Amino acid sequence: MAVERAEELRLFCPTEPLAKMMRGDVRSKEDSFKFTMTQLQQRHPSVTKPFQEEFVDVNIKNGFFDAANKMRRQGVLTDVSLVVDQQTFHTHKLILCSCSDYFTSMFNGPLAHHGQQVFISGVSAQSMEAILNYVYTGSIIINEEFIQDILEAACLFLLKNLRERCARFLRDRLDGGNCLQIFSIAKSCSLLTLMEDSLEFISAIFQDISALNDFKQLSFDELIDVLSLEDLAVPSEDYVLEAAFRWLNHDLYGRQQKFVEVLKAIHLPYVSDDMLKQVMENEKSLRTFPELEILFRSALRLTVENWTLSKDSDFNLLQPKSWINPRKCIQCIPSLIAMGGPTLNLFNSELGKWCEITKCKPRHCPGMDVVGSTIYVVGGSLEWKRKRTGEYYNTEKNEWIPMADMHTPRSNFGLVNLEGKLYAIGGYDGNFPLKSAEVYDPRTNQWTQISDMSTARDGACNVSDGESIYVIGGYDGHEYRLTTEVYKPETGVWDISSIPETSVQRQNAMCVYFDSSIYIIGGYHGDTYHSSMEVLDLETNEWSFASPLSAPRHHAGAAAMNGNIYICGGWSAHIPVSHVDVYSIAQDTWRRVSPLPTPTMIRSVAVNFPRKCILNLFANSNSDMAAYRASRIRSLRSISESSSSGNEKTQTEAEAFLTSSTDE
């Protein structure tokens, strides 16, 4: 080939002498170049190496994979065919192995596949085409419709970068509607970080999503992962048991044999007696499968035994391990704090009893509210002098700590928590009703004045829905108001025209917010005392009446807790009372619970009080604890033994299985 080329080149040389002359000219120029380089090196000693450069043809570098992908589509120089769902993809081993350890292992090594066709399962043909396009070009379209298919293919073919990008795509789109699905995907693909993120989301909104169809379709392992979360956000363990039975009943015949493990994940001793009775009386799965009923009764009997064995004021349970302590969110007990003068009493919703906590400084008609689990008491009056001072209660130390003073001394005003800040609104300064307002930031321990209301209000109802503050009714020094003023922090403006007027004039009424509605109860105007209740539906912006109290009430404490409204103490016309009336929002009915120790004017708030602190507070009341323990044991025994079915041997076997370690 070289000889022929040389011969061809000679055809272009007219004569031999001319060729010699040209060669001589080249040598002359070469000598001249060497002389120039020598001079350059003499002038610049640092230049000691010949010049060189790297030429990178970007078109070739960037176009290689595009060209290879084009060849793949045309079947040019392909050396292996991938068959997916009866569809054949012609590819190049070199390209596949350069991007995927999966294919490297397939085509290289002692167990290498040497055939011309490879059948691949676990991935669709559409996903395979997208993956091959990614392998050849580094580009792929990720969308919500095919994200699961693409992610599963990326996991199968060990495409780490694509796997991580898909996980980030899902994590950025986590919400209440898809967190269960994303958790299932993350678990199936072993995406640990995405699993943790989705479980954290599930934990925060468990009450809402446990009623969704996606929850009922969780696999057994996925359900155990969710129910085993110690920080599952539920007001009580009742919600967890209820959700577990919903899951069971979705596929009763397919799931009943595994339900024992589900019971182990539930903190059964912390389920209320009412819920246990409801399950035993109404749960259809227990009637359908007698074995499940035996299992459930056995769990209750174990709970009774552990209660009986307990010598401390708290549980001393043995097995299963999940029964020993409540979940983190239930390590606080929903409680009421009722304040009358310097005396504060705590209502334990589990015991149904009141006990006294450390006294604060004496003050009449102060403002009172909660931020987190911290109780704040501000203002009020002492010996007819209005106060600007305040203090907050440390639950761990059981003591009151001073806080910064308000700008304006006031009593009979509203103290409202909105987004972690406390708003002191209106009230009375000893001479006139007030329309001024100020806000306290616990992080900086500072008060800041905000814009005034349009009118002064003494003894108004004050409440927040989490976005705005509502100030309803009250007395302006001349008349009792029917209007409502609304304050939004982002605008800093009071709006008096957006809410319709109430039907009844009220001062010193009780007021709470619950589930998109505002409830105002009792109060008075002049010599007229009210027992009526008006309800504002914030979605329809309309007032309506609900069931009234059995007698007029004013200056009482009011708080919403566990779907109920508690009205504590106060005055009935001219008589102080110690009654605690409870309104069931769902049933529109009233009932009474354990009364306050002393009849008086009251301020009340609902607070999640640390369980350990409550146990310490009630430790001095051994008779109450003993009575509660005995009542609890009697109740559990009654539930577990009533209408018992099955033989003793079966129950013993169920108990043995229940007490076996879940880890075994």
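Select helix H13 and its surroundings: its buried residues (under 20% relative accessible area, 1.4 Å probe, protein chains only) pack against helix H9 (179-188), helix H10 (192-204), helix H11 (206-209), helix H12 (213-216), helix H14 (238-250) and helix H16 (259-265). Helices here are DSSP runs (H or I, at least four residues), numbered from the N terminus. This is a predicted model, in which local features need pLDDT of at least 70, side-chain atom pairs count only at pLDDT 80 or more, and totals for chains, interfaces and linings use all residues. Residues are numbered from 1 along each chain as its sequence is written, and side-chain values use heavy atoms, with hydrogens and water left out.

Now colour Phe 220, Glu 222, Leu 223, Ile 224, Val 226 and Leu 227, the buried residues of H13. Because six of the eight residues in H13 (residues 220-227) are buried, the helix is largely enclosed by the rest of the structure.

Next, go to helix H7 (residues 147-156), where Ile 147, Ile 150, Leu 151, Ala 153 and Ala 154 are buried. They lie on the same side of H7, because they cover an arc of only 165° around the axis, taken from the directions from the helix axis to the C-beta atoms. These buried residues pack against helix H6 (125-137), helix H8 (160-171) and H9.

Contact means heavy atoms within 4.5 Å. Ser 127, Ala 130 and Ile 131 of H6 make the contact with Asp 149, Ile 150, Ala 153 and Ala 154 of H7.

Definitions and conventions:
Buried < 20%, exposed > 50% of the residue type's maximum accessible area, 1.4 Å probe, protein only. Helix = DSSP H or I, 4+ residues; strand = E, 2+ residues; numbered from the N terminus.
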